[in-house]
Amino acid sequence: MGSGNVVETTTTTTATTTTSSTFMWDFIGKCGGNVVIDGGFATELERHGADLNDPLWSAKCLVDSPHLVRRVHLDYLDAGANIILTASYQATIQGFEAKGFSKEEAEALLRKSVEIACEAREIYYDRCTKDSWDFMENGRTSRRPILVAASVGSYGAYLADGSEYSGNYGDAITLETLKDFNRRRVQILANSGADLIAFETIPNKLEAKAYAELLEEEGIEIPAWFSFNSKDGINVVSGDPISECVSIADSCKQVVAVGINCTPPRFIHGLITSIRKVTSKPVLIYPNSGETYDGQTKQWVKSSGNVDEDFVSYIVKWREAGASLFGGCCRTTPKTIRGIATALSDKN
């Protein structure tokens with residue numbers, strides 16, 4: 001099933017520049033004031049038997065295990081997610097070409113990431129029953145609002161050397177380098193049937209600026225969110241102040257939400273406060289489990305000091321601090337997302 005059916009499954013598929021400013025607030029309202037984002041993707045793929053020891057990481061499954069990608073999407077929809085992210089975080093034209101695919105094949109795989117997510121949404125809707133997560137409205141069953149977000153990982157994700165956790169790309173990587181690297185990928189994902197584009201794990205101000213300029217230059221009309229990562233609760237991982245990074249997102253009219261992902265839970269509350277000082281756009285947070293990624297060994301290791309593997313208990317406080325969209329990143333599971341959905345439902 002391709003993008004032709006997407007219009008029927010969501011309230012808004014494409015937002016023009018005149019409506020993008022209210023797109024996310026409208027969706028938050030349709031979800032009852034809180035939005036649940038899905039959780040860790042690679043974690044679940046591996047649990048289902050996928051071997052991700054590859055520079056393509058989870059994008060490898062678009063090639064050899066699309067059924068597993070669909071299954072993980074459905075796991076998160078069953079857990080209560082309102083937004084599912086495509087398996088395109090590490091999917092780049094350059095990355096696929098390096099594995100021997102043609103440019104046309106690489107572009108088709110990017111589109112496939114969105115098609116699989118849209119198919120999962122359709123399957124979920126088709127099998128929903130009245131005792132599921134659907135809610136009653138005016139005496140009749142209404143389908144839970146679900147958006148498909150096309151994931152765009154940072155340049156460091158393509159490098160597959162852990163540099164998305166440091167933001168250090170070297171002096172040779174310029175604003176134009178980053179724009180040129182992402183241009184065709186963004187064009188394809190923007191026209192693939194996704195409801196929005198999720199720019200994730202942005203590690204530095206330069207990359208945020210590149211995305212903002214690219215959205216403007218290409219006239220991208222579907223909404224986007226910018227999500228940064230931090231390792232100290234004050235700056236993004238490169239050391240650039242979070243306030244300066246959020247300012248770029250705030251001034252970009254296509255960006256409808258801004259926040260934090262793949263960051264230890266202990267830093268989230270302070271980061272929400274910092275973000276809200278700079279923007280009135282909705283704030284999204286989807287932290288990791290509190291572990292730290294070692295780019296050399298490509299393993300997650302326990303962090304020293306405070307580790308918050310189960311952060312569901314903090315969700316209500318994060319909502320009180322001003323966040324509106326909540327999910328999980330690396331090493332979180334459908335159980336985490338179900339816990340988030342339950343916590344938010346209990347407090348509505």
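This briefing covers the sheet, the helices packed on it, and the aromatic contacts of the structure above.

The model is predicted: local features need pLDDT of at least 70, side-chain atom pairs count only at pLDDT 80 or more, and totals for chains, interfaces and linings use all residues. Residues are numbered from 1 along each chain as its sequence is written, and side-chain values use heavy atoms, with hydrogens and water left out. The model has an open sheet of 8 strands with parallel pairing, and it holds 12 aromatic pairs.

**Sheet**

- Helices (H or I, at least four residues) and strands (E, at least two) are DSSP runs, numbered from the N terminus.
- The strand order is S1-S12-S9-S8-S7-S6-S5-S2, where two strands pair if DSSP finds at least two bridges between them.
- Strand S1 (35-36) and strand S2 (83-85) are the edge strands, each pairing on one side only.
- Strand S9 (residues 283-286) pairs with strand S12 (residues 325-326) in the parallel sense over 2 bridges.
- Leu-284 has Leu-325 in S12 as its bridge partner.

**Helices on the sheet**

- Helix H2 (residues 20-30) packs on the sheet and touches S1, S2, S5, S6, S7, S8 and S12; contact means heavy atoms within 4.5 Å.
- The direction of H2 makes about 60 degrees with that of strand S8 (255-261); axes are lines fitted to C-alpha atoms, for helices over the stretch in contact, and angles run from 0 to 180 degrees between N-to-C directions.
- Helix H7 (residues 103-127) also packs on the sheet, touching S2 and S5, and its direction makes about 155 degrees with that of S5.

**Aromatic pairs**

- Rings of Phe, Tyr and Trp (its six-membered ring) pair if their centres lie within 6.5 Å; planes under 30 degrees apart count as stacked, over 60 as edge-to-face and the rest as tilted.
- Tyr-155 and Tyr-169 form an edge-to-face pair, 5.3 Å centre to centre with 70 degrees between the planes.
- This pair links distant parts of the chain, 14 residues apart: Tyr-155 is in helix H8 (residues 155-159), and Tyr-169 is in the loop between H8 and helix H9 (175-190).
- Tyr-155 counts as buried at 11% relative accessibility, as does Tyr-169 at 13%; buried means under 20% relative accessible area, exposed over 50%, partly exposed in between (1.4 Å probe, protein chains only).
- The pair of Tyr-314 and Trp-318 is stacked because the ring centres are 6.0 Å apart and the planes are at 20 degrees.
- Tyr-314 is partly exposed at 32%, whereas Trp-318 is buried at 3%.
- Ring pairs join Tyr-155, Tyr-158, Tyr-169 and Phe-181 in a cluster.
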